[in-house]
Amino acid sequence: GRHARNVIRQLMSYALSKDLIPANPAHDIAVITPTPRERVLDDDEIRAIWRACARPGAVEKLALSIEMGIALRLALATLQRGGEVIGAHWDEIDLGRRLWTVPAARMKGKRPHVVPLSDIATGLLTEAKDAMGAEGHVFKSSAEEKGHFDRHAFTRAMSRLTSALNIPRATPHDFRRTGATNLTSERIGIPRFVVSQVLAHSGDTGGSAVVTGRHYDLYDYLAEKRRALDAWGTLLAAIVSGESRSDNVIPIASGGHP
């Protein structure tokens, strides 16, 4: 609703500037402020979603391609935004160094974002390479003009998945909240500041620190992000396999970060 209002208001402003209309009728249209989502998937839901994505044919009445299943699992493993995941290009991926560098043009904050790839994420990208090749977009679309999966198709696939599994509504964006919550919890113990770097949130500082972070401090916290995503990958692997997590997940000390 907000997006529609903004587009209409901009269109009417243009018409007003050209003297095509006497006033902008969309200028004072109010929209309801959305309620922030608090959805965090539990272990059973994560396990069910992961296994269904890996073997969609095993779930009755689930229309989901293997390729879309890989994309959804990669979003959960890397905790990146859906648009960044489905738009991934092989030029951005370095499997040898286990790094994914998302260019500024594709980032919400318009800054490059380096995502360390855990073992589980690297495995998913290898699956994608075997399924669709290692040239061009990682998740290729049959629509030539698009080049990669449609963002809305990604969300709709998640809706079909949760419906088929009888899981309460969840979106791909809820993967980020789920991962962040587990990372900062006592299960892993990553400082919130580091988790913000993993999620590519730029508003974690105030005042002049924002200017410093955006224009001068180019250190990308790569080592800290790698420790965080490796720990999340280890926990995620244990969750989806049903193993006892007390034996294979080690809390990581804060390291003194603010």
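**Sheet, hairpin and salt bridges**

User: Which strands form a hairpin, and how many residues sit between them?
Analyst: In this predicted model, β1 and β2 form a hairpin with four residues between them. R98 in the turn has a positive phi of about 55 degrees.

User: In what sense do β1 and β2 pair, parallel or antiparallel?
Analyst: Antiparallel, over two bridges, with β1 at residues 93–94 and β2 at residues 99–102. D94 has L99 in β2 as its bridge partner, and I93 stands opposite W100 in β2.

User: What pairs with β2 over four bridges?
Analyst: Strand β3, residues 113–116, again in the antiparallel sense. There W100 stands opposite V115.

User: What is the strand order in the sheet?
Analyst: β1-β2-β3, in an open sheet of three strands. β1 and β3 are the edge strands, each pairing on one side only.

User: Which helix packs on the sheet?
Analyst: Helix α10, residues 222–241, touching β2 and β3. Its direction makes about 40 degrees with that of β3.

User: What does K225 touch?
Analyst: Leaving out residues up to four places away in sequence, the contacts of K225 are H113, V114, P116, V194, Q197, V198 and D220.

User: Switching topic. How many salt bridges does the structure hold?
Analyst: Nine. One of them joins the side chains of R73 and E127, at 3.1 Å from N to O. That pair links distant parts of the chain, with R73 in helix α3 and E127 in helix α5, 54 residues apart.

User: R73, buried or exposed?
Analyst: R73 is buried, with a relative accessible area of 5%. E127 is partly exposed, at 34%.

User: Back to R98. Which side chain meets that of R98 in a salt bridge at 3.0 Å?
Analyst: That of D119. R98 is partly exposed at 22% relative accessible area, whereas D119 is exposed at 62%.

User: And what forms a salt bridge with R98 at 3.8 Å?
Analyst: D230, by the closest N and O atoms. D230 lies in helix α10, so this pair ties together parts that are 132 residues apart in sequence. D230 is partly exposed, with a relative accessible area of 25%.

User: Which residues do the shared partners join into one network?
Analyst: R98, D119 and D230.

Note on methods: Residues numbered from 1 in each chain as written. Predicted model: local features only at pLDDT ≥ 70, side-chain atom pairs only at ≥ 80, totals over all residues. Heavy atoms only, no water. Pairing = 2+ DSSP bridges. Contact = heavy atoms within 4.5 Å. Axes fitted to C-alpha atoms, helices over the stretch in contact; angles between N-to-C directions. Salt bridge = Lys/Arg side-chain N within 4 Å of Asp/Glu carboxyl O. Buried < 20%, exposed > 50% of the residue type's maximum accessible area, 1.4 Å probe, protein only.
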